[in-house]
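Entries follow in the order I looked.

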Amino acid sequence: MIAPITSAHKLIVCHECDLICMDLPLATGEAASCPRCGATLYRNGSASVDLALALALTSVILLLLLNSFPLLSLKVQQVTRDTTLLRAALTMWDDGMHLLSLLVIATTMLAPAMQISVAIYLLCVIRFGDASRALGAPLRALQTLRPWNMVEIFMLGLLVSLVKLQHMADIVIGPALWSCASLIFFSAALTSVLTPRNVWLWARAADNKTAPTGVTHG
Ligand SMILES: [Zn+2]
């Protein structure tokens with residue numbers, strides 16, 4: 001039998017079908033599902049501020065490596081050429097592909113850098129600062145920046161290019177390509193733990209001076 005919802009219950013809206021459900025505490029490892037559409041509403045995991053901060057700092061290092069080292073080297077008839085991400089974008093600009101060049105810079109350099117910076121600011125405020133400070137603006141900025149981070153699509157395009165180029169030249173994969181692949185993994189992990197729900201739970205835990213623990217969305 002389903003208990004009636006009263007004003008004493010905390011409520012949550014299903015992100016799939018907008019059904020209003022009760023926000024009940026869960027044991028570790030359990031997940032709450034929407035009774036109408038079956039979507040996972042929230043999950044009680046072991047994500048913490050420290051874990052999110054570690055993922056964010058690792059992403060910073062990988063982003064720096066991605067932008068500092070060559071993506072790949074091409075060797076044709078004893079002539080070797082390598083290129084970095086920025087140099088590739090600037091070459092496109094010089095070749096007249098201005099819009100494409102700006103899109104590459106915006107979606108693979110600026111958006112990831114801003115997204116990680118905002119995430120680190122948010123986590124540092126919760127971890128070291130006054131968690132009661134306004135967290136709404138950086139959270140909204142994170143949600144806005146997320147769709148503009150297209151490192152995965154860039155990586156996919158790069159892999160397709162590698163397959164096509166391998167018949168024309170010897171290709172040596174550069175450190176930046178491995179950094180790019182790792183960045184995709186760490187960014188996805190950071191996104192999965194840095195949910196608005198977790199941020200509010202961590203902020204509340206910090207305010208209450210209790211050990212910060214949170215939940216992970218499935
Ligand atoms: Zn639903």
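**Entry 1: salt bridges**

I started with Arg197, which forms a salt bridge with Asp23; the closest N and O atoms are 2.9 Å apart. The rule I used asks for a side-chain nitrogen of Lys or Arg within 4 Å of a carboxyl oxygen of Asp or Glu. Arg197 lies in helix 7 and Asp23 in the loop between strand 2 and strand 3 (31–33), so the pair ties together parts that are 174 residues apart in sequence. Arg197 and Asp23 are both buried. I took buried as under 20% relative accessible area, exposed as over 50%, and partly exposed as in between (1.4 Å probe, protein chains only). Helices (H or I, at least four residues) and strands (E, at least two) are DSSP runs, numbered from the N terminus.

Before going on, I noted the ground rules. The model is predicted: local features need pLDDT of at least 70, side-chain atom pairs count only at pLDDT 80 or more, and totals for chains, interfaces and linings use all residues. Residues are numbered from 1 along each chain as its sequence is written, and side-chain values use heavy atoms, with hydrogens and water left out.

How many salt bridges does the rule give? The count is three. Asp50 forms one with Arg127, the closest N and O atoms being 2.5 Å apart. That pair links distant parts of the chain, with Asp50 in helix 1 and Arg127 in helix 3, 77 residues apart. Asp50 is partly exposed at 41% relative accessibility, and Arg127 is partly exposed at 37%. I also found Arg87 with Asp82, where the closest N and O atoms are 3.6 Å apart. Arg87 is partly exposed at 41%, as is Asp82 at 36%.

**Entry 2: helix 7**

I went back to the helix that holds Arg197. Helix 7 (residues 196–207) has 12 residues and reaches 16 Å from its first C-alpha to its last. That is close to the expected 16 Å, taken as 1.5 Å times one less than the number of residues. Its buried residues are Arg197, Asn198, Val199, Trp202, Ala203 and Ala205. They pack against several elements, among them strand 1, strand 4 (40–43) and helix 3 (98–128). Contact here means heavy atoms within 4.5 Å.

**Entry 3: cores**

I looked for nonpolar cores, meaning sets of buried Ala, Val, Leu, Ile, Met, Phe, Trp, Tyr and Cys residues joined through side-chain atoms within 4.5 Å. The largest has 43 residues; Leu66, Leu71, Leu123, Leu194 and Trp202 touch the most other members. Helix 3 gives the most to this core, with 10 residues. Leu66 touches Leu71, Leu85, Ala176, Ser179, Cys180 and Leu183, not counting residues up to four places away in sequence. A second, separate core of eight residues includes Ile12, Cys21, Ala32 and Cys34.

**Entry 4: zinc**

Which protein atoms are donors of the zinc ion? I found Cys14 (SG), Cys17 (SG), Cys34 (SG) and Cys37 (SG), lying 2.2 to 2.3 Å from the ion. Donors are N, O and S atoms within 2.8 Å of the metal (3.2 Å for Na, K and Ca); water is not among the atoms, so sites may look incomplete. Their spacing along the chain is C-x2-C-x16-C-x2-C. The arrangement is tetrahedral because the four donor atoms subtend angles of 105 to 117 degrees, and the rule for four donors is that all angles lie between 85 and 135 degrees. Cys14 is buried at 1% relative accessibility, whereas Cys17 is partly exposed at 22%.

How values were computed:
Four donors count as tetrahedral if all angles lie between 85 and 135 degrees; four count as square planar and six as octahedral if opposite donors are over 155 degrees apart and all others between 65 and 115; anything else is irregular.
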